[in-house]
Amino acid sequence: MSPTYYDSNIYMQSANLVVKVAYLYYYKHMRQSDIASQLEISVPTVSRLLKKAKEQEVVRFTIDQRLLECLEMEDHLRGRFRLREVIVAPLQGDVQKMKLEDLKKTVALEGARYLQRIVTEHDKLGVAWGETVWYVYNYLNPSQRINMEFVTLHGFLNHAASKLDSSWLVPRIAKAFGGKSYSIDYKGFQSRKSDVIQIMQDENVRRAFDQFPYLTLSVSGVGMFYPEPQSILATGHYLSDSAMEQLRQAGVYGDLIFRFFDQNGNECDTDMRYQCIGIPWEIYKRIPNKIIVAAGEKKKDVIIALLRGRLVDTLIIDESLARSICRSLD
């Protein structure tokens, strides 16, 4: 008996054709135009058959559960704090057994790839100090030369390793990428406010400060003071006992660009605020894309403080830190 128009099956594509198109496209990696030519159908028909293959679960796509959780945490944080982008770096193996240095390297690699994805020759990039930031720039591909400008965000730490010295790092980045650099060759913290005023008369320092309002990007790590001081500024004995007591009384949660902030991301009013050689707090906040790289779940509270204060636009963190943050926010 011949089929009638009442029989809906006459409108269905051949099941064999659906499978064949899916096989050629996903398994043999053929282009849609080549599939259309081989099967003597149109390219739009190939596209419709591929869609049908997914609808009928002829082909199924799966994402590793751990990777899926990272993506979901990215969406949650980006939506809640209206961030430009969140990148949660997945970790391999037992997270509890990973060294902090390995976590930093994992985050830094994602940071480097992000930078190379978004920067253009029209950008002006501000660079802060920090070990994770140092790793970021070591993972950059120097063959991708970009004629842009690099600016040190603050002075250096006295007697610190070169990896913690942005004034040392910035000229080398600029040289590698073929761009121009601006550095501040003075200690980031001065003993007196009068010393800061005098240093600001230096032509090279003024030239760097003149770039700050025009920064389009910045990359920085963040130091932790809460629940316990683990920032290099504290553990490296760069601050006196009286300075540490001031910070404690001011309720400092962390440090960013040599400045100290509380649980809501507000700059704390301490003596160090007026002894810092670096980008002013309010100018930093106006940078369109403030990139923060951080690793280790212990930094949960300091990252939440940054988020509350809108001190970050792009957050790049590891899986364990992201999970700790999300649990605290629930």
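Trainee: How do the residues of the lining of the largest cavity divide into nonpolar, polar and charged?

Mentor: In this predicted model, the lining has 9 nonpolar residues, 1 polar residue and no charged ones. The residues in question are Leu115, Gln116, Val119, Leu125, Tyr137, Leu140, Ile146, Met148, Phe150 and Phe177.

Trainee: How is such a space found, and what volume does the largest cavity have?

Mentor: Rolling a probe the size of a water molecule over the atoms shows where empty space is left. Here the volume of the largest cavity is about 70 Å³. A search of the whole structure finds 1 cavity of 30 Å³ or more.

Trainee: Pockets next. How much space lies in the largest pocket, and which residues lie nearest its centre?

Mentor: A pocket is an open set of grid points, whereas from a cavity the probe cannot get out. The largest pocket holds about 640 Å³ of space. Its lining counts 30 residues, and those nearest the centre are Leu100, Lys104, Val222, Gln230 and Lys299.

Trainee: What volume does the second largest pocket have?

Mentor: About 310 Å³ of space lies there. The second largest pocket is lined by 17 residues, with Phe189, Gln190, Tyr238, Leu239 and Gln275 closest to its centre. Its lining divides into 7 nonpolar, 8 polar and 2 charged residues.

Trainee: How many residues of H14 are buried, and what covers them?

Mentor: Burial can be read for a whole element too. In H14, 9 of the 11 residues are buried, so the helix is largely enclosed by the rest of the structure. The buried ones are Glu319, Ser320, Leu321, Ala322, Arg323, Ser324, Ile325, Cys326 and Leu329. Their cover includes helix H4 (65-81), strand E1 (85-89), H5, strand E9 (289-294), H13 and strand E10 (314-318).

Trainee: H13 is part of that cover. How many of the residues of H13 are themselves buried?

Mentor: In helix H13 (residues 300-308), 7 of the 9 residues are buried, so H13 is largely enclosed by the rest of the structure. Asp301, Val302, Ile303, Ile304, Ala305, Leu306 and Leu307 are the buried residues. Just after H13, Arg310 has a positive phi of about 55°.

Trainee: Last, the chain as a whole. What is its radius of gyration, and what would a compact globule have?

Mentor: The chain has 26 Å, while a compact globule of 330 residues would have a value near 20 Å. The C-alpha trace spans about 100 × 45 × 35 Å along its principal axes. The secondary structure comes to 14 helices and 10 strands.

Notes:
Residues are numbered from 1 along each chain as its sequence is written. This is a predicted model: local features need pLDDT of at least 70, side-chain atom pairs count only at pLDDT 80 or more; totals for chains, interfaces and linings use all residues. Side-chain values use heavy atoms; hydrogens and water are left out. On a 1 Å grid over the protein atoms alone, a cavity is a set of points where a 1.4 Å probe fits but cannot get out, and a pocket is an open set with protein on both sides within 12 Å along at least five of seven lines; lining residues have an atom within 4 Å of a point. Grid points are joined across faces, edges and corners, and a volume is the space filled by probe spheres set on the points. Ala, Val, Leu, Ile, Met, Phe, Trp, Tyr, Cys and Pro count as nonpolar, Asp, Glu, Lys and Arg as charged, and the others, Gly among them, as polar. Helices (H or I, at least four residues) and strands (E, at least two) are DSSP runs, numbered from the N terminus. The radius of gyration is taken over C-alpha atoms; the globule rule is 2.2 Å times the number of residues to the power 0.38. Buried means under 20% relative accessible area, exposed over 50%, partly exposed in between (1.4 Å probe, protein chains only). Contact means heavy atoms within 4.5 Å.
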